[in-house]
Amino acid sequence: MRMGPTAQPADRDPEGEQQAYELRAELDELLRASRYASQRERRLNEAIRAAPGRQRPDGDLLRQLAQARTLREGLGARCLQLSDQLEALENRLRHRQSPEEPTAQAPPPPARPDIGALAERVSALHRAGAFTEATELLSRAATGLDPADAALLVGMLSRRGPTGAALQLARSAARCAPDQAVAMLAQLRELGLAEEAAELFHAFWGYPASVLPALLAALERAGQSADGATLLWEWGSAPTPEVTALATGLQRTGRHADVRTLLRQAAGRPTADLAALATDLPAELATVLLHELAALRPPVELVRLAAALDTSPELYGQLLAALLADGARHRTTLAALRSAGLPTEPAAAPRSRWGRR
């Protein structure tokens, strides 16, 4: 008796299984290619970092790095897409969904900008005299690109122009959120673009006091605390209202070490400025300032400061308390205060009329 074709089990889906096999094979191939692209990107980064004397990176290396990064990210996005498709298909096969039921599809990966084409577009706008349009394009690139891509664009523009475009792009990154701007600064330094990194860092000096605590926190998270100390050193010579605003903001956000650093830098100001600053600061911060001054300023200047604060008993008392806390060290200053007819003993607290007689 002749037998007919072997029947497939009712729960088998040969077409779906073949599709899953093909997806697995393609995914394995893409994963291998992604690993190769990652290795190439790492080698190119190492070659740029190994430039003698941290010279400006070669333009061809930058282009190769941009291509490797684009390839690696594109492959990564495609791997995720295939992985989602494979997971959905395997779930369907396991649960025996009907073949007609649509399989969930992953959204297409977002298009990644072509950094080389963007650099050429900036150059073309400059050649055409469209400087306003070029400036707007650079501004959008600074805020819209990933920091690594923006740094690559800076590198390309620094190698092949137009003149000033790389510095303008770096400077424009200061308009980003603090974390993004700091990441851009780190990327520029990583690529050896010291001039452009300095341009961006100098732009940080223009941040308002209200934003600076967030910038200092971002620098700290990125391991760039030395940059934060430099910014505080610069702010130490800012006008009195701005120093007051920054010190108050730092105190409010819990950055107490930064408050001390800022006020220590401000301690080098002229005596009249210091008296005005002590008067302007909240009482708690004025105390910190006066204690810093007692530790840093010579006796003759402390006497001048005490004379300027003589009309403010509370502030004079704070300065005197800082001096008396280490009387041996401040013996000369205390003697000079007595010679000038200024108090050297804390003022007695007023007695209550209801106190003991």
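Start by colouring the model by pLDDT, the predictor's confidence in each residue, from 0 to 100. The mean pLDDT of the protein is 83, and 84% of its residues reach 70 or more. This is a predicted model, in which local features need pLDDT of at least 70 and side-chain atom pairs count only at pLDDT 80 or more, while totals for chains, interfaces and linings use all residues. Residues are numbered from 1 along each chain as its sequence is written, and side-chain values use heavy atoms, leaving out hydrogens and water.

**The ends of the confidence scale**

Now pick residues 1–7, where pLDDT stays under 50 and the model has 0 contacts beyond four places in sequence; contact means heavy atoms within 4.5 Å. Over residues 97–104 pLDDT also stays under 50, with 7 such contacts in the model. Where pLDDT is low, the predicted coordinates should not be read in detail.

**The whole protein**

Switch to a cartoon view and you will find 17 helices and 0 strands. Helices (H or I, at least four residues) and strands (E, at least two) are DSSP runs, numbered from the N terminus. Of the 357 residues, 40% count as buried; buried means under 20% relative accessible area, exposed over 50%, and partly exposed in between (1.4 Å probe, protein chains only). Among contacts between residues at least 6 apart in sequence, 67% join residues at least 24 apart.

**Stop one: E26**

Select E26, which sits in helix α1 (residues 14–49). At 33% relative accessibility, E26 counts as partly exposed. Leaving aside neighbours within four places in sequence, E26 is in contact with R78 and L82.

**Stop two: P162 and helix α6**

Go to the loop between α5 (147–160) and α6, where you will find P162. A cis peptide bond joins G161 and P162, with omega about 0°.

Next show α6 (residues 165–172) together with α8: their axes come within 8 Å and cross at roughly 40°. Axes here are lines fitted to C-alpha atoms, for helices over the stretch in contact, and angles run from 0 to 180 degrees between N-to-C directions. To see what meets there, display the side chains of A166, L167, A170 and R171 in α6, and of E195, E196, E199, L200 and A203 in α8.

**Stop three: helix α10**

Select residues 225–235, helix α10, and highlight D227, G228, L231, L232 and W235, which are buried. They cover an arc of only 140° around the axis, which puts them on the same side of α10; the arc is that of the directions from the helix axis to the C-beta atoms. Turn to the other side of α10, and A226 and W233 are exposed. The buried residues pack against α7 (178–190), α8 (194–204), α9, α11 (240–252) and α12 (256–266).

**Last stop: helix α12**

Which residues of α12 are buried? Select D258, V259, L262, L263 and A266 to see them. They cover an arc of only 130° around the axis, which puts them on the same side of α12. Show the partners too: the buried residues of α12 pack against α9, α10, α11, α13 (271–280) and α14 (283–296).
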